[in-house]
Amino acid sequence: MSFGARLVELRKRKKISQVEFAQQLDIHKNVLGRYERDQAKPSIEVAAKIAKLLDVSLDYLVGNTKADL
């Protein structure tokens with residue numbers, strides 16, 4: 001599963017809208033959409049913030065492990 005697919009799945013599991021999540025990350029919703037479509041990759045700082053907000057490890061988010069915690 002790609003980074004974007006994991007991001008979408010986790011965000012929807014938390015029932016957070018794209019707009020709300022982008023605001024929490026302090027990025028534009030279009031940038032989040034590009035992450036979710038695998039058209040762009042976030043910086044390590046943004047990726048770490050995404051993982052923290054979604055309560056998963058960064059390794060899971062980038063596909064290095066199958067366990068989400």
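Me: Helices are DSSP runs of H or I with at least four residues, strands are runs of E with at least two, and both are numbered from the N terminus. In which element does that put Tyr 60?

Reply: Tyr 60 is in helix α5. The model is predicted, so local features need pLDDT of at least 70 and side-chain atom pairs count only at pLDDT 80 or more, while totals for chains, interfaces and linings use all residues. Residues are numbered from 1 along each chain as its sequence is written, and side-chain values use heavy atoms, with hydrogens and water left out.

Me: What secondary structure does the protein chain have?

Reply: The protein chain has five helices and zero strands. Read along the sequence, the pattern is α-α-α-α-α.

Me: Why does Tyr 60 count as buried?

Reply: Buried means under 20% relative accessible area, exposed means over 50%, and partly exposed lies in between, with a 1.4 Å probe and protein chains only. Tyr 60 has 7% relative accessibility and therefore counts as buried. The C-alpha atom of Tyr 60 is 8.5 Å from that of Arg 6, although the two residues are 54 apart along the chain.

Me: Why is Glu 36 called buried?

Reply: The relative accessibility of Glu 36 is 11%, so this residue counts as buried. Glu 36 lies in helix α3. Contact means heavy atoms within 4.5 Å. Leaving aside neighbours within four places in sequence, Glu 36 is in contact with Gly 4, Ala 5, Leu 7, Val 8, Arg 11 and Gln 18.

Me: What makes a set of residues a nonpolar core, and which residues of the largest one touch the most other members?

Reply: The set must consist of buried Ala, Val, Leu, Ile, Met, Phe, Trp, Tyr and Cys residues joined through side-chain atoms within 4.5 Å. The largest such core here has 18 residues, and Leu 7, Phe 21, Leu 32, Tyr 35, Ile 50 and Leu 54 touch the most other members. Two or more residues each come from α1 (3-13), α2 (18-25), α3 (29-36), α4 (44-53) and α5 (58-61). Apart from neighbours within four places in sequence, Leu 54 is in contact with Leu 7, Leu 10, Arg 11, Lys 14 and Phe 21.

Me: How do you know that the radius of gyration of the protein chain agrees with a compact globule?

Reply: The radius is taken over C-alpha atoms, and the globule rule is 2.2 Å times the number of residues to the power 0.38. For 69 residues the rule gives a value near 11 Å, and the protein chain has 11 Å, so the two agree. The C-alpha trace spans about 30 × 25 × 20 Å along its principal axes. Buried residues make up 36% of the 69 residues. Of the contacts between residues at least 6 apart in sequence, 51% join residues at least 24 apart.

Me: Why is Lys 15 called exposed?

Reply: Lys 15 reaches 76% relative accessibility and therefore counts as exposed. Its place is the loop between α1 and α2. Lys 15 is not a glycine, yet it has a positive phi of about 60°.

Me: What makes Asp 26 count as exposed?

Reply: Its relative accessibility is 67%, so Asp 26 counts as exposed. Asp 26 sits in the loop between α2 and α3. Phi of Asp 26 is near 60°, a positive value in a residue other than glycine. Asp 26 and Lys 14 are twelve residues apart in sequence and 18 Å apart, C-alpha to C-alpha.

Me: Why does Asn 64 count as exposed?

Reply: Asn 64 has a relative accessible area of 58% and is therefore exposed. Asn 64 belongs to the segment after α5. Its C-alpha atom and that of Ala 48, 16 residues away along the chain, are separated by 14 Å.
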